[in-house]
Amino acid sequence: MESIGYLNAVLLIGAVLVLVGILSSLVASRIGAPLLLVFLVIGMLAGEDGPGGIAFDDYRATYLFGSLALAVILFDGGMRTRLDAFRVALRPSVLLATIGVLVTALITSGFALLVFDQLSFLEALLLSAIVASTDAAAVFFLLHAGGLQLKQRVGATLEVESSTNDPAAILMTIVLTEFLSTMTVQQPEAGESFWMIVRILAEQALIGGAFGVAGGVAISLLLNRLPLPSGLQPLFASTSAIVVYGSTSALEGSGFLAVYLAGVVLGNRRTRGATSVLGFQDAITWFCQIVMFVLLGLLASPSRMLEHLLGALLISVAMILVARPVAVWICLRFFRFSPNELAFVAWVGLRGAVAIFLASVPMLASLPNAFLYFDVAFVVVLTSLVVQGWTLPPVARRLGVALPRRTEPGPRVDFELPGQVEEEFVGYPVAAGSPIARGAKLPSWARVVMVAREKRLLMGAESGPIAAGDYVYLLAPPDRVRQLDPLFSAPKELPPAERDFFGEFVFDGATTLGAIARTYGFPVPASISDRRVSDHFAEQLNEHPVVGDRLRLGPTELIVREVDGDRVTKVGLEIDPKAAAGAASP
Amino acid sequence: MGQSLVELITPDRILPVVEAADKAALLAALARRIASAAALDPTAVEAALAERERLSSTGVGSGIAIPHAQVPGLARPIGLLARLQRAVEFGAEDGLGVDLVVVVLAPEGAMVDQLKALGRVARVLRHRSIADQLREASGAEAIHGILGRAERELGPP
């Protein structure tokens, strides 16, 4: 009976800690602290050296829950990633996730050798591998905290990087741990082991990629085919994601990569119940974030950490100021990132839960110095959350990579049509003053099924002209349905920040540079006078333009407002009288 | 330093009550008023403003438009502020009708002066509170006073 009492106490304490985590979000948003840091601190306060005094040192349980939580978080992040993000981010991210991790680890290991003279080179490398990858949980969380919206080039690059770079760090950690725990056994030659690592990495990526894509397609097909009660759909999706993670890992593939890609595939396919799946994901992702970080906080022993505190802080500083910037520069110099974008990606090398739970690998293998790895990793994560996490929004604004917040979702209501996924059935209230209420025509691909007017339901043909106050129900192809939103919404004022950021005047991407130049009377070279704005961006700046990109034209500045694929469709014109005066004076 | 806002938009070029059926009629009416104030050819002014609107709307959102053009025969930029009884559809990005219009004309080729004048106008109108004061002010002199105060409070551009 005593053990039941104990288990109940564990449940009570656990639930109270999660509740404290949930409520602390209210306080954290006031002071702008990164919430993950708050969760971590709650864990530390509840832990052995805090007022809570809970002595928790179950590294296995932490590892198990950490993997589970990370899989859930990555699946959720994948589901919210639009395929469009890969347009700008795929190649830079892949380089950062491979070469970037390696370079970060190598540079960090140099500092680790200097700081901790008890470490051998391989041990220093192990320590660095543990902290070498950026953390998806932290990145997905902090990049969107407080309604922040980043330019797609940096936001997507950081997200895809963090989702794909764990395999490299995990692999290095596991391989090095194995080397170090079998020191007495014959060591393989350096060249041999290098190629072995490359081979394993490639295998991990290939298996992970294949399983992820196949798993995503399978989950989507099953959701569409199986007549599951709606309450079970989200649970089915999330559990299947864990199956994808587990099976891929069991076959020596990268489970994290797989579960992320499964999320991407699922999130970009037409799937029944997608809204409820996302709603459920949102809740369990929060839960996982809270439990994972509280658990990691509990696991830490701050009093023991003091021993290595100074060295760990030095490592943190070296990573933030040297290792990450160098790695980012090496990887991204091949892509057309602006200096500010490079600086931002370099600054946001957020470390998080992965590092802490990778640090439990040497612990589980009982390597010498295992506590040192763990304590240093913990301090590195803490420093990263405090220094980088806390400063992220102001740095983003200072470097001009934060966009003004865009409008919230429209008034559309989506209905599930069983067995029908080719066309979407949607409903709109017709707002007063909206284009439709003022007589605008619906596009030909949208078919009105019925109109609810003054408590009567009128079928498509008998409805007559649509008026404000009606409810319109129509069928439209899923890929175009968003285009209907503005037709039914009341005109809405652009927030002033919009004009501060994008300038006053809007031009179409098809406008020629010459036409703009003539309006303001500044010269442009004849060779580019007939060039369209959209082509000019493609030519001068980047083959994958994103909203917020800027390009100087004479005394003015053009700022991308909208893109369609790789084509700039709208730009804002920023008037800069200071630049005008500068251009005019010799 | 250049021209201040109150020099650009003198009280005689502030029209607190304007009525227009649509965008074209509005631009024509404002072209006539500003042309007569500066002894310009009204048709040329209207044509220049219409030409600029063809390129893209000068409606900047929040019910504000800043039509502008370069025209021959001016010595320095001039502005005109008009308040509309009823908002007019202007093709602005946010889809809202326009009820506060500032026309800015500049001498031909006077790029720097034109951009400075536009910059001064735009800067003041970015502030919601200032735009609302302009909408509620009792008459031309009051509007002129608000412009002067706004520019003083915002400091040098």
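**Close-up views of a predicted complex**

**View 1. Confidence along chain B of the predicted model.** Chain B averages a pLDDT of 89, with 98% of the residues scoring at least 70, while the complex is given an ipTM of 0.89 and a pTM of 0.80 by the predictor. In this predicted model, local features need pLDDT of at least 70 and side-chain atom pairs count only at pLDDT 80 or more, whereas totals for chains, interfaces and linings use all residues. Residues are numbered from 1 along each chain as its sequence is written, chains are lettered from A in the order in which they are written, and side-chain values use heavy atoms, without hydrogens and water.

**View 2. The open sheet of chain A.** Four strands (DSSP runs of E, at least two residues) form an open antiparallel sheet in the order β8-β11-β10-β9 of chain A. Its edge strands, each pairing on one side only, are β8 (505-508) and β9 (550-553) of chain A, and neighbouring strands are turned by 35° against each other on average, direction ignored.

**View 3. The pairing of β8(A) with β11(A).** Strand β8(A) runs antiparallel to β11 (residues 567-575) of chain A and is joined to β11(A) by four bridges, where DSSP must find at least two bridges for two strands to pair. The bridge partner of D508(A) in β11(A) is K570(A).

How values were computed
pLDDT = per-residue confidence, 0-100. Axes fitted to C-alpha atoms, helices over the stretch in contact; angles between N-to-C directions.
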